[in-house]
Amino acid sequence: MKNIKLIAGLFLILTSFTFTSCDIEPIDSAIDLDDFNPVTSVSGSYLMTAFNTSIPTDLNNDGIPSANQMNETTCFDGSILVLNQDNTFVISSKGIDIVTDGVNQSLSCFMDPNIMGTWILSGNTLTIQYTEGGSQYSEQFIATGNTLVYTLNNTEIVGTSSTNVPVNLTSDISIIYTKG
């Protein structure tokens with residue numbers, strides 16, 4: 001009888017520890033939950049929502065430089081990436097460039113011809129492959145939730161000097177496309 005009481009007592013103590021020692025901890029904001037939920041499907045239409053540069057520029061001459069070039073100009077508006085379910089894609093890119101009349105330089109919007117190619121998803125890395133001007137290219141995006149992020153280091157961007165003269169600058173960029 002003593003053994004049964006002893007076993008029952010130990011069982012009661014162990015069960016009470018089990019149910020009372022586990023508190024629910026708040027989620028650490030530094031943990032990226034998308035690391036635990038890998039992207040499994042990226043098909044769809046993505047609109048460019050940010051063109052971030054490591055060097056803020058003031059393309060609209062309002063005296064307030066921004067790291068997101070889309071806050072400075074509408075030239076990037078309407079840039080879209082469409083990932084089809086058959087692993088093909090079409091991208092329509094718009095941007096800003098420096099034009100000259102031989103004497104003066106100014107900023108001008110441009111639209112590149114559509115680029116078409118194929119894509120593959122491996123983990124959270126989306127790779128697009130295409131041919132342009134006879135050369136083959138492969139670009140990588142990071143897929144997280146409903147966004148695709150394309151990053152380049154030490155690349156050329158358009159900016160302005162302190163006297164608002166258009167200049168080419170070397171900067172890191174991060175372009176964000178958001179699924180619509």
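# A cysteine link, a strand pair and a pocket

Cys75 counts as buried, at 6% relative accessibility. Buried here means under 20% relative accessible area, exposed means over 50%, and partly exposed lies in between (1.4 Å probe, protein chains only). The structure is a predicted model, in which local features need pLDDT of at least 70 and side-chain atom pairs count only at pLDDT 80 or more, while totals for chains, interfaces and linings use all residues. Residues are numbered from 1 along each chain as its sequence is written, and side-chain values use heavy atoms, with hydrogens and water left out.

## The protein as a whole

The secondary structure comes to 1 helix and 11 strands. Helices (H or I, at least four residues) and strands (E, at least two) are DSSP runs, numbered from the N terminus. Read along the sequence, the pattern is α-β-β-β-β-β-β-β-β-β-β-β. The protein has 180 residues, of which 27% count as buried. Its accessible surface is about 11700 Å², and carbon and sulfur atoms hold 56% of that surface. Such areas come from the Shrake-Rupley method with a 1.4 Å probe; for residues, only the protein chains shown count as cover. Among contacts (heavy atoms within 4.5 Å) between residues at least 6 apart in sequence, 47% join residues at least 24 apart.

## The disulfide

A search of the whole structure finds 1 disulfide, a term for a pair of cysteine sulfur atoms within 2.5 Å. The disulfide joins Cys75 to Cys109, with 1.8 Å from S to S. The pair links distant parts of the chain, 34 residues apart: Cys75 is in the loop between strand S2 (66-68) and strand S3 (80-83), and Cys109 is in strand S6 (residues 105-111). The link of Cys75 and Cys109 is left-handed, with -70 degrees about the S-S bond. While Cys75 is buried, Cys109 counts as partly exposed at 48% relative accessibility.

## Thr53 and Ser171

Thr53 is in strand S1 (residues 44-57), and Ser171 lies in strand S11, which covers residues 166-179. Both residues touch partners elsewhere in the chain. Not counting residues up to four places away in sequence, Thr53 touches Ala67, Gln69, Ile157, Ser171, Asp172 and Ile173. With the same exclusion, the residues that Ser171 touches include Thr53, Ser54, Ile55, Leu152 and Ile157.

Which side chain makes a polar contact with the side chain of Thr53? That partner is the side chain of Gln69, at 2.9 Å. A polar contact is a pair of N or O atoms within 3.5 Å; within protein, one must be able to donate a hydrogen and the other to accept it, and residues adjacent in sequence count only if both atoms are side-chain atoms. For Ser171, a polar atom of the side chain lies 3.4 Å from the backbone nitrogen of Ile55.

| Residue | Relative accessible area | Class |
|---|---|---|
| Ser171 | 2% | buried |
| Thr53 | 7% | buried |
| Asn87 | 30% | partly exposed |
| Asn164 | 42% | partly exposed |
| Met116 | 58% | exposed |

Most residues other than glycine have a negative phi. Asn87, which is not a glycine, has a positive phi of about 65 degrees. Asn87 is in the loop between S3 and strand S4 (88-92). Asn164 also has a positive phi, near 65 degrees, and is in the loop between strand S10 (147-160) and strand S11.

Met116 is in strand S7 (residues 115-122). Not counting residues up to four places away in sequence, Met116 touches Phe89, Val90 and Tyr130. Met116 and Leu81 are 35 residues apart in sequence, and their C-alpha atoms are 9.9 Å apart in space.

## The largest pocket

Rolling a probe the size of a water molecule over the atoms shows where empty space is left. On a 1 Å grid over the protein atoms alone, a pocket is an open set of points where a 1.4 Å probe fits, with protein on both sides within 12 Å along at least five of seven lines; lining residues have an atom within 4 Å of a point. Grid points are joined across faces, edges and corners, and a volume is the space filled by probe spheres set on the points.

The largest pocket holds about 860 Å³ of space. Its lining has 31 residues, of which Phe51, Ser93, Phe110, Asp112 and Ile175 lie nearest the centre. The elements that give two or more residues to this lining are S1, strand S5 (94-100), strand S8 (125-132), strand S9 (135-144), S10 and S11. Which element gives the largest share of the lining? That element is S10, with 6 residues.
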